[in-house]
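Subject: Structure handover

Hello,

Here is the structure for you to look through. Please open it first, then read my notes below.

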Amino acid sequence: MKATDLQDRLARLVPGDTLLLPAAEVEQAFTCHSSTLEQRRAAIAQLAAWYRCRLTICGPGESQFLFTRHND
């Protein structure tokens with residue numbers, strides 16, 4: 001996955017929709033932008049906020065990201 005792929009998927013969410021993705025896949029999309037895990041997760045959270053989504057890190061070992069589009 002590329003960061004632009006995530007942007008496209010978040011942009012298509014309608015209020016109330018969710019998107020569940022493997023954390024490793026999403027984090028890999030941000031390795032060229034951020035060198036540490038904390039920086040990558042901060043960038044992912046910022047992108048989620050830009051598209052009016054709540055980001056929840058879930059799953060065993062924080063292995064999944066759940067994006068939920070805010071209701072307008």
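Start with Glu-27. Leaving out residues up to four places away in sequence, Glu-27 touches Leu-37, Arg-40, Arg-41, Ile-44 and Phe-65. Contact means heavy atoms within 4.5 Å. Glu-27 lies in helix 2. Glu-27 is buried, with a relative accessible area of 12%. Buried means under 20% relative accessible area, with a 1.4 Å probe and protein chains only.

A word on the source. This is a predicted model, where local features need pLDDT of at least 70, side-chain atom pairs count only at pLDDT 80 or more, and totals for chains, interfaces and linings use all residues. Residues are numbered from 1 along each chain as its sequence is written, and side-chain values use heavy atoms, with hydrogens and water left out.

Now Phe-65, one of the residues that Glu-27 touches. Phe-65 sits in strand 3. Is Phe-65 buried or exposed? Phe-65 is buried, with a relative accessible area of 1%. Its contacts, not counting residues up to four places away in sequence, include Leu-19, Leu-20, Val-26, Ile-44, Leu-55 and Ile-57. The C-alpha atoms of Phe-65 and Leu-47 are separated by 13 Å. These two residues are 18 residues apart along the chain.

Next, the whole chain. The protein chain has 3 helices and 3 strands. Along the sequence, the pattern is α-β-α-α-β-β. Helices (H or I, at least four residues) and strands (E, at least two) are DSSP runs, numbered from the N terminus.

Look at helix 1, residues 3-11. Ala-3, Leu-6 and Leu-10 are buried there. Seen down the axis of helix 1, the buried residues fall within an arc of 60°, so they line one face of the helix. The arc is that of the directions from the helix axis to the C-beta atoms. What do the buried residues of helix 1 pack against? They pack against strand 1 (18-22), helix 2 (23-28), helix 3 (37-50), strand 2 (53-58) and strand 3 (64-69).

Last, the overall figures. With 72 residues, a compact globule would have a radius of gyration near 11 Å, and the protein chain agrees at 11 Å. That radius is taken over C-alpha atoms, and the globule rule is 2.2 Å times the number of residues to the power 0.38. The C-alpha trace spans about 35 × 25 × 15 Å along its principal axes. Of the 72 residues, 32% count as buried.

Best wishes

Terms used:
Buried means under 20% relative accessible area, exposed over 50%, partly exposed in between (1.4 Å probe, protein chains only).
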